Amino acid sequence: MVVPELFTDDDGRVPAFRTREINGRTWITIGGDLDKLPSFITGRPIPQDDSVAPEKDKTFRGRLRSIREVHLPDWYEPIFHWRAFWPTDPLKSGELQKLFLDDSDVPIDPVYSSNTGTITPRPDVKDCYKDLYTRINRVVEDAGLRVIPGMPRNLWPSDNPWDLDKPFESVAAMQKAAASVKVLLLEGIAWVRWLHAVLPRIDKHRSFSTTEDEFLGMCLLDLPSRGVVFNLVKDWKEINLGLWLSSGVPVYYPWRLEERVQARFAKLSPILLSTYSSEEHVALDDIDPKSNWEVVAKQSQEYDDFFQLKDPEYESMYETFEMGPGTEFYVIDFEGWGRRALLATLEISAYRNALHFRIDSDGFDNSVTFWRWRPRDRTLALQLPSHYDGLHDGNPLRVIRELWKDTFAPRAGQIYDMDTGILLNPTFTTETRRQSGGAHSFLVPGKPTPSQPGIDPRDYTHWTRRTSGSSANEDTMDLSSEEDESPPLLFRLTTSKAAMLVTPPPEKGNVSTPSAPLRRRISSNSNPYRPGSRSASVRDRSASPYRSNDSSALTSYQRRLSPAQHLLKEEVPSLTYPFTVLHLTDSGAWNFLLLDCGVLILPDEKAEVRLRYFGNCIRGFRHVTDLLRLAIERRLHFFIGIPGNKLDWFMPRDLTSGTRTKLAALYSSSTTEAPLKYESPTKFVAAYRARVTEILSRPHARAFIGLGGAASWLAQYWGGKELITDFMQGPSVQTTIFRRGDNDLAHPSSAGLYWDSVSAQEIDILFGHIPHADSNHERWLYPPVAVLEKDCDHYSGEWNDTLEKIFEYITKSISATTPRIEPKSRGKWKEWLQTYNRARWALNRPKPTDHNFEDILNQLERQGLRRSWDHLPLAKLYLPEQPE
């Protein structure tokens with residue numbers, strides 16, 4: 001007799017199964033109660049896609065229902081997947097009542113009412129809400145910014161507990177506002193419960209500041225989850241039944257002909273469940289009149305918990321591969337998903353032994369794509385390393401599915417190539433695409449936390465909060481390609497030592513009232529769906545160099561545009577590149593203090609025009625973190641200045657006296673750099689690498705990233721991505737302690753800003769400059785910036801794929817055992833670079849001139865926008881721009 005494989009709970013038992021005909025359709029639950037299925041589920045058509053229904057439809061998916069019905073099971077919504085863990089209290093244990101989160105009315109403050117004639121909730125109620133909100137926020141900030149790949153943008157609606165501080169004219173108005181806050185907090189708890197289910201030991205992570213007891217207390221684990229309803233045919237590629245049932249989440253689904261005829265759904269067939277369920281048993285003949293039990297049981301063995309064939313009978317064309325310096329690695333985790341990037345580390349050999357793979361080449365470098373859903377060895381596949389090991393104690397595939405599905409699971413009609421993981425229909429998009437990915441803070445005004453006495457969060461975190469809904473008059477251009485990928489699986493989790501910052505003191509002059517509208521946010525009483533409101537941007541992150549044969553250009557669907565957007569869309573695309581070059585940044589590395597008090601320094605008009613185009617015309621770059629990420633990855637020239645009175649916020653905590661003495665010697669005004677000397681190619685390259693390594697280990701070396709162009713590329717290549725992380729953390733001790741960086745004191749609009757800088761001598765060494773009394777005999781190991789700007793058609797202040805190949809070729813030649821390239825004079829570098837201006841490398845358009853960019857800025861000024869973003873505080877960067 002065939003023994004079927006079924007989903008089980010945390011104790012290894014098949015949860016209670018029930019089935020019933022409701023309105024002519026068979027409904028099934030595992031671990032739930034069919035009496036709890038509301039009529040807005042059973043009495044309406046089954047959703048067939050992820051699109052958002054019109055506002056007039058009072059039951060459209062994704063809506064937060066009222067406090068009276070929000071505890072009932074609801075449809076699985078990809079961008080709100082954590083709602084399956086929504087806490088309920090059917091037995092009236094009082095857990096929710098203690099937090100004033102049940103559906104009863106909140107008590108009124110009698111003293112306030114008698115003194116003012118208006119109404120407000122009792123102080124202890126408001127304090128409870130604010131405290132819970134702040135604690136949830138801390139968990140989400142710690143996890144989303146420092147541990148997991150991203151956190152949901154749509155977690156909080158526009159309400160917050162501080163809305164209850166205002167007076168209300170009637171009891172009904174107050175209770176309505178309180179109900180909205182209750183639902184808000186319950187959703188936050190649902191997200192925390194989801195996090196605990198995925199990574200139950202996340203509190204052991206060094207970047208997670210919430211204690212284990214506080215984290216578990218916030219999860220309310222004694223309360224059951226409301227459960228989730230799903231359409232198997234539509235949702236099977238991303239739902240996670242094993243995780244849900246092991247976490248006690250009831251599941252509900254219709255069982256129709258569409259489900260019965262697909263062998264992949266055999267584990268959920270009532271034919272099998274009826275005989276193995278831990279509670280309810282029915283006569284087998286009633287549900288299996290055709291005696292298909294043996295067939296269905298065998299099918300359940302052939303498919304895994306993610307509805308994929310265990311043995312896809314794949315015959316690999318490759319047994320191994322060679323790892324070169326330019327080899328790129330990807331993995332497709334589940335059938336039908338997009339690919340995501342892997343770092344070329346020692347663990348790649350484990351992937352090679354455990355998974356089948358394919359090799360692709362673009363003529364320059366190879367790429368290797370692994371298929372986790374096509375394992376060579378299932379045991380080895382489950383043992384593949386992950387930086388989440390140690391934070392969970394279950395099936396690692398369940399963790400991968402939950403943490404990466406927001407970015408790589410196909411949604412809303414998307415189709416990925418089964419073998420390459422590349423999006424086949426990149427122009428297809430809907431309003432719900434990718435609304436929940438990306439690591440972003442959403443902390444809003446609140447009470448000081450116990451760990452930060454006297455600090456009002458609104459002083460330094462409200463820049464991050466995004467709006468929900470979509471604007472009816474914005475251009476919603478979207479970056480739709482395989483470059484829309486999250487950070488690699490093995491991305492670096494360690495933070496820079498320089499990131500250990502002191503907590504900033506509050507500034508009384510900058511504290512707004514709790515009910516004031518938030519910066520980068522619509523006002524608290526406005527409709528987030530009204531025309532003109534700012535929309536939550538789509539989170540797109542690059543993962544690899546662009547490859548022309550499998551990437552897509554920026555595509556769009558038009559809506560009403562402002563005159564400035566029309567101008568930028570008409571003029572700028574020919575001045576920039578519509579493709580992402582490299583994945584260099586991790587959003588979790590941004591220091592929110594830097595972004596909240598930092599001021600944009602833009603010495604290059606070419607960089608500014610490109611940033612204004614992407615920020616105004618491409619929805620994926622409407623948020624300051626995304627826009628600055630773009631600037632780093634395209635190696636644009638910019639810096640972030642810090643007001644002098646806030647530099648202390650960025651000082652490292654633990655500088656020893658010995659370290660301070662060494663740094664003081666480094667940053668003394670008499671420091672000079674010995675020039676490079678040439679003896680032979682081999683000796684020169686060895687000396688060059690030693691000098692560059694020493695320079696890039698200095699605290700202020702992060703400033704090379706802000707220089708952009710070739711300086712940024714060379715610094716990142718020889719110094720590692722840690723320099724980018726350091727740059728995203730803020731100024732080094734060069735500026736914060738010794739004040740030896742750059743400043744704007746000579747600027748006509750000086751604001752007393754400071755930022756890191758590198759000396760001309762340090763730049764010369766980075767480019768391998770060999771000085772000579774006769775300038776015609778000066779030589780450089782890499783082409784100097786002046787030659788690039790004048791004689792290379794491919795460089796106009798922005799990095800691109802051709803420049804990437806040029807500098808990779810030079811570096812490979814330098815790094816050969818016997819260097820194949822020697823330092824060249826300006827004239828020789830000119831001749832060498834001009835070979836890339838011809839034949840197949842030639843540009844298909846004229847090289848942009850400074851006049852092109854200056855003219856665009858002048859036109860923007862005539863349309864009522866500010867002439868330049870230079871010296872614009874990042875906290876005041878509102879996108880898309882509106883006339884002043």
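Analyst: We begin with burial: a residue counts as buried when its relative accessible area is under 20%. Please keep in mind that this is a predicted model.

User: Is cysteine 219 buried or exposed?

Analyst: Cysteine 219 has a relative accessible area of 0%, so by the cut-off of under 20% it is buried. Cysteine 128, with a relative accessible area of 17%, is buried as well.

User: How many disulfides does a search of the whole structure find?

Analyst: The general idea is that a disulfide covalently bonds the sulfur atoms of two cysteines. In this structure, the search finds 0 disulfides.

User: Which residues touch the most other members of the largest nonpolar core?

Analyst: The largest one here has 98 residues, and Trp191, Phe230, Trp244 and Leu268 touch the most other members. Helix H5, residues 171-198, gives the most to this core, contributing 16 residues. The core lies between domain 1 (92-222) and domain 2 (327-425), because both give residues to it.

User: With which residues is tryptophan 244 in contact, leaving aside its neighbours within four places in sequence?

Analyst: Its contacts include Tyr76, Ala84 and Phe85, together with Val228, Phe230 and Ile239. Val249 and Val251 are also in contact with tryptophan 244. A second, separate core has 97 residues, among them Ala631, Leu723, Trp780 and Ile810.

User: Let us turn to strands. What is the order of the strands in the open sheet of 4 strands?

Analyst: In general, the strands of a sheet pair through backbone hydrogen bonds, and the pairing is either parallel or antiparallel. Here the order is S7-S6-S9-S8, and the pairing is mixed. Strand S7 (340-342) and strand S8 (355-361) stand at the edges; each has a single partner strand, so one side of each is left without a neighbour in the sheet. On average, neighbouring strands of this sheet are turned by 30° against each other, direction ignored.

User: In which sense do strand S6 and strand S9 pair?

Analyst: Strand S6 (residues 328-332) and strand S9 (residues 366-375) pair in the parallel sense, over 5 bridges. Within S9, threonine 369 stands opposite tyrosine 330.

User: Which strands do bridges join to S2?

Analyst: Strand S1 (residues 17-22) is joined to S2 by 6 bridges, and the two run antiparallel. Arginine 20 has tryptophan 27 in S2 as its bridge partner. The hairpin of S1 and S2 has 2 residues between the strands, and asparagine 23 takes a positive phi near 55° there. Strand S5 (residues 251-254) is joined to S2 by 4 bridges, again antiparallel. Tyrosine 252 in S5 stands opposite threonine 29. Strand S2 (residues 25-30) is mostly covered, with 5 of its 6 residues buried.

User: Finally, let us consider the backbone. Where is arginine 635 placed?

Analyst: Arginine 635 is in the loop between helix H19 (624-633) and strand S11 (639-643). Its phi is near 55°, a positive value in a residue other than glycine. Arginine 635 is also buried, with a relative accessible area of 1%. Histidine 871 has a positive phi too, near 70°, and is found in the loop between helix H30 (850-862) and S16.

User: Which residues does a cis peptide bond join?

Analyst: The cis peptide bond joins leucine 879 and proline 880, with omega about -5°. Proline 880 is found in the segment after strand S16 (872-873).

Note on methods. Residues numbered from 1 in each chain as written. Predicted model: local features only at pLDDT ≥ 70, side-chain atom pairs only at ≥ 80, totals over all residues. Heavy atoms only, no water. Core = buried A, V, L, I, M, F, W, Y, C linked by side-chain atoms within 4.5 Å. Buried < 20%, exposed > 50% of the residue type's maximum accessible area, 1.4 Å probe, protein only. Domains from an automatic or database assignment. Contact = heavy atoms within 4.5 Å. Disulfide = S-S within 2.5 Å. Pairing = 2+ DSSP bridges. Axes fitted to C-alpha atoms, helices over the stretch in contact; angles between N-to-C directions.
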